[in-house]
Amino acid sequence: MPIFSNVSRRRFMTIAAASSGTVLLKGCLGNPPDTTSSQSSPVAAPVVDIKPEMMPEVKTVKLGYLPIVEAAPLIIAKEKGLFAKHGMPDVQIDKQANWGAARDNVKIGSAGGGIDGGQWQMPMPYLISEGIITDEAKVPMYVLAQLNTHGNGIAIASKHLGKGLSTKMSEQVAFFDNLKSDGAKFKAAYTFPKANQDFWLRYWLAGNGIDPDKEVELLTVPTAQTVADMKANAMDAFSTGDPWPNRIVSDKIGFISTLTAEIWKNHPEEYLAIRKDWVDKYPKATKAILKAVMEAQQWCDNFDNRKELAGILAKREYFGLPESVLIDPLMGKYNMGERSIDDKSMAVLYWKDEKGSVSYPYQSHDLWFLTESVRWGFLPKDTLSKAKDWIKQVNREDIWREAAKELGVAAADIPTSTSRGVETFFDGAKFDPENPQAYLNSLKIKRV
């Protein structure tokens, strides 16, 4: 379907011009957020073609994000006036200091100076809903959309160049054995425990026969601190989103061993999730947010827009990085340090990939994250017996479908099943959502 199909080019240019003239949002680095650092636009973009029955109940929401490419749809929806187009001119997007801050801020909500939702690693919305990572305070969340696929990698310190650390490691046992004989342990970092980046690191190691809990020292390091810590020799590897892995190559302090696109092609990455109480109170506003995000995802997926996207994300208000660090990964061009990749299908994608919809939140993907949580002992084994019911409570793919239809998304781009079917990983393992236990049984390294 054509992008921005519900608005004429002339009207959209008016919206974009109004949006680009507004005061940009400043990054919130406090916890709770410093409300003076996040401003709604003083010049609201005009509302376009909204039927009265679709008019949002409120004009604002506070959404948190982290400075990685997963946040692009939220930033572009703001920058391009798409939230305003759908009747929400005062949407605020707040940069979070780290994932722990985002968790704490959604716990208190915008009424307490926090956020209503935003960008999340999986299965954080589930863990927050059950109070597992919020000191037993349950804050029910709804998963509303997947923001992207790909755009992540595992970066390795330069001292390990030439030692065979790639997607599939032929000499991995000897490498880790040599480290142990020297009295050292491989230190690998992720940005938040028991979530995406932790899982990618663990899957890569375990898929190569390395037990991440026994043979590696795992660390939690905030996204923006990963480069500095590697420069200081505080870790051997880290798992996080672009542009940070690419930056260690450009700064000549390391290389990229593997992209998550190589570990699991077209994998689920990060998600838009909002507090249940907010969504239940403002269902029309929720769909307005979704429609704006969907249009932003379509815009981001157009590679002709990627240079402009890099320029927007690079701004001090958002990532605060040189545009040059962003543009190559956005185009699927990776200098891995020991090899190179030039493949747009391996780049971060926001709307479509080789398997179909990226934006639609497949419930089968949520099941994989919960199954992987059981694998590593993060959740009890009986989670699998109740997982599908739990997923139906949290994953509101039905709201995504409603918003997509209202937006005029082509029927062919709206999945007809909540399952994407069997998934295959780099080590040959297969995950069948109809039998997650069989997947667990097939894995050689696990805690259960």
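Reply: Let's begin with a term you'll need throughout: a residue is buried when its relative accessible area is under 20%, exposed when it is over 50%, and partly exposed in between (1.4 Å probe, protein chains only). Keep in mind that this is a predicted model, where local features need pLDDT of at least 70 and side-chain atom pairs count only at pLDDT 80 or more, while totals for chains, interfaces and linings use all residues. Residues are numbered from 1 along each chain as its sequence is written, and side-chain values use heavy atoms, leaving out hydrogens and water.

Helices (H or I, at least four residues) and strands (E, at least two) are DSSP runs, numbered from the N terminus. Glu136 also has a positive phi, near 70°, and it is not a glycine. Asn266 has a positive phi too, about 60°. Is Asn266 buried or exposed? Asn266 is buried, with 3% relative accessibility, and it sits in the loop between helix H10 (260-263) and strand S10 (271-275).

Now for the charged pairs. Side chains of opposite charge can pair when their charged atoms come close. Here a salt bridge means a side-chain nitrogen of Lys or Arg within 4 Å of a carboxyl oxygen of Asp or Glu, and the whole structure has 31 of them.

With Glu402, Lys287 makes a salt bridge at 3.5 Å, N to O. Glu402 belongs to helix H17 (residues 397-407) and Lys287 to helix H12 (residues 283-301), so this pair ties together parts that are 115 residues apart in sequence. Lys287 meets Glu406 in a salt bridge as well, at 2.8 Å, N to O. That pair also links distant parts of the chain, with Lys287 in helix H12 and Glu406 in helix H17, 119 residues apart. How open are these side chains? Lys287 is buried at 15% relative accessibility, whereas Glu402 is partly exposed at 38% and Glu406 is partly exposed at 26%.

Elsewhere, Asp251 and Arg247 form a salt bridge whose closest N and O atoms are 3.4 Å apart. Asp251 is partly exposed at 27%, and Arg247 is partly exposed at 24%. There is a network of salt bridges too, linking Asp198, Arg202, Asp211, Asp213 and Arg447.

Arg339 is in the loop between strand S11 (333-335) and strand S12 (340-342), and it is partly exposed at 28% relative accessibility. Its side chain has a polar contact of 3.5 Å with the side chain of Thr167, and it reaches the backbone oxygen of Ser257 at 3.0 Å. Contact in general means heavy atoms within 4.5 Å; leaving aside neighbours within four places in sequence, the contacts of Arg339 include Ser166, Thr258, Glu262 and Tyr334. Follow the chain and you'll see that Arg339 and Ile256 are 83 residues apart in sequence, yet 8.9 Å apart in space, C-alpha to C-alpha.

The other arginine, Arg396, is in the loop between helix H16 (383-394) and H17. Its side chain makes a polar contact of 2.8 Å with that of Asp398. Beyond neighbours within four places in sequence, Arg396 is in contact with Tyr142, Val143 and Leu144.

Finally, the nonpolar surroundings. In soluble globular proteins, nonpolar side chains tend to be buried together. A nonpolar core is a set of buried Ala, Val, Leu, Ile, Met, Phe, Trp, Tyr and Cys residues joined through side-chain atoms within 4.5 Å. The largest one has 140 residues, and Trp120, Phe186, Leu272, Trp278, Ile289 and Trp368 touch the most other members. H12 gives the largest share of this core, 10 residues. H12 is also the helix that holds Lys287.

Note on methods. A polar contact is a pair of N or O atoms within 3.5 Å; within protein, one must be able to donate a hydrogen and the other to accept it, and residues adjacent in sequence count only if both atoms are side-chain atoms.
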